[in-house]
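Trainee: Hi! Could you walk me through this one? I'd like to go through the side chains and the ligand.

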Amino acid sequence: MLALKAACADETQVMTVPHNDMEALEEICREHEAVAYICDSVYSTGGTVAPIRELTRLQAEYGLFLYFDEAHSTSVVGANGRGHALDVMGSTNERTMIITSLNKGFGASGGAIEPLPVMDHDGV
Ligand SMILES: *Cc1c(COP(=O)(O)O)cnc(C)c1O
């Protein structure tokens, strides 16, 4: 994800908040009309898990878009190995995207996206 920050910064403002600093994130939500929060749901460094309930509260209050990388929790955490975010949330919604790798949890090649992005007629 760090490698992609520079590419994203060509298109939009990119900010980094400390692990699980929901006060800092809420301040950003208050100050900006559209905010997307991108994180691992289970961290490899700097913490344990993302505060999913607090993030969904910010989503309800500010329309925060959530993007969870579940590569560290798929197959290991949650009912049937569905991962941490989905286990806490129960399902995704129109402002949440979950992606994962099959490589680590299953020793397989590939990944998964939930929900599948809807493309318009221009393929965007
Ligand atoms: C390993 C990993 C990926 C990507 O996994 P691939 O092996 O490229 O499928 C993505 N996100 C996180 C957090 C990872 O640890």
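Trainee: Let's start with Asp 87: is it buried, partly exposed or exposed?

Mentor: Good place to begin, and keep in mind that this is a predicted model. Asp 87 is partly exposed, with a relative accessible area of 33%.

Trainee: Which residue does Asp 87 form a salt bridge with?

Mentor: With Arg 82, and the closest N and O atoms of the two are 3.0 Å apart. Arg 82 is also partly exposed, and its relative accessible area is 35%.

Trainee: How many salt bridges are there in the whole structure?

Mentor: A search of the whole structure finds six. One of them joins the side chains of Arg 30 and Glu 27, with 2.7 Å from N to O.

Trainee: Where do Arg 30 and Glu 27 sit?

Mentor: They are in helix α2, which covers residues 22–31. Glu 27 is partly exposed, at 35% relative accessible area.

Trainee: And what about Glu 54, which residue is its salt-bridge partner?

Mentor: That's Arg 57, and the closest N and O atoms are 2.9 Å apart. Because Glu 54 and Arg 57 are three residues apart in helix α3 (residues 52–62), they are separated by about one helical turn. Glu 54 has 28% relative accessibility and counts as partly exposed; Arg 57, at 31%, counts as partly exposed too.

Trainee: Which residues are linked in a network of salt bridges?

Mentor: The network links Glu 26, Glu 27, Arg 30, Glu 54, Arg 57 and Glu 61.

Trainee: Nice. Switching to the ligand: which residues surround it?

Mentor: Around the ligand you'll find Asp 40, Asp 69, Ala 71, His 72, Ser 101, Asn 103 and Lys 104. That shell divides into three charged residues, three polar and one nonpolar.

Trainee: What is the distance from Lys 104 to an oxygen atom of the ligand?

Mentor: An N or O atom in the side chain of Lys 104 is 2.4 Å from a ligand oxygen. For Ser 101, a polar side-chain atom lies 2.6 Å from an oxygen atom of the ligand. His 72 has a side-chain N or O atom 2.8 Å from a ligand oxygen.

Trainee: And how much of the ligand does the protein bury?

Mentor: Taken alone, the ligand exposes 380 Å², and the protein buries 59% of that.

Technical notes. Residues are numbered from 1 along each chain as its sequence is written. This is a predicted model: local features need pLDDT of at least 70, side-chain atom pairs count only at pLDDT 80 or more; totals for chains, interfaces and linings use all residues. Side-chain values use heavy atoms; hydrogens and water are left out. A residue is near a molecule or strand if one of its heavy atoms lies within 4 Å of it. A polar contact is a pair of N or O atoms within 3.5 Å; within protein, one must be able to donate a hydrogen and the other to accept it, and residues adjacent in sequence count only if both atoms are side-chain atoms. Accessible areas come from the Shrake-Rupley method with a 1.4 Å probe; for residues, only the protein chains shown count as cover. Ala, Val, Leu, Ile, Met, Phe, Trp, Tyr, Cys and Pro count as nonpolar, Asp, Glu, Lys and Arg as charged, and the others, Gly among them, as polar. A salt bridge is a side-chain nitrogen of Lys or Arg within 4 Å of a carboxyl oxygen of Asp or Glu. Helices (H or I, at least four residues) and strands (E, at least two) are DSSP runs, numbered from the N terminus. Buried means under 20% relative accessible area, exposed over 50%, partly exposed in between (1.4 Å probe, protein chains only).
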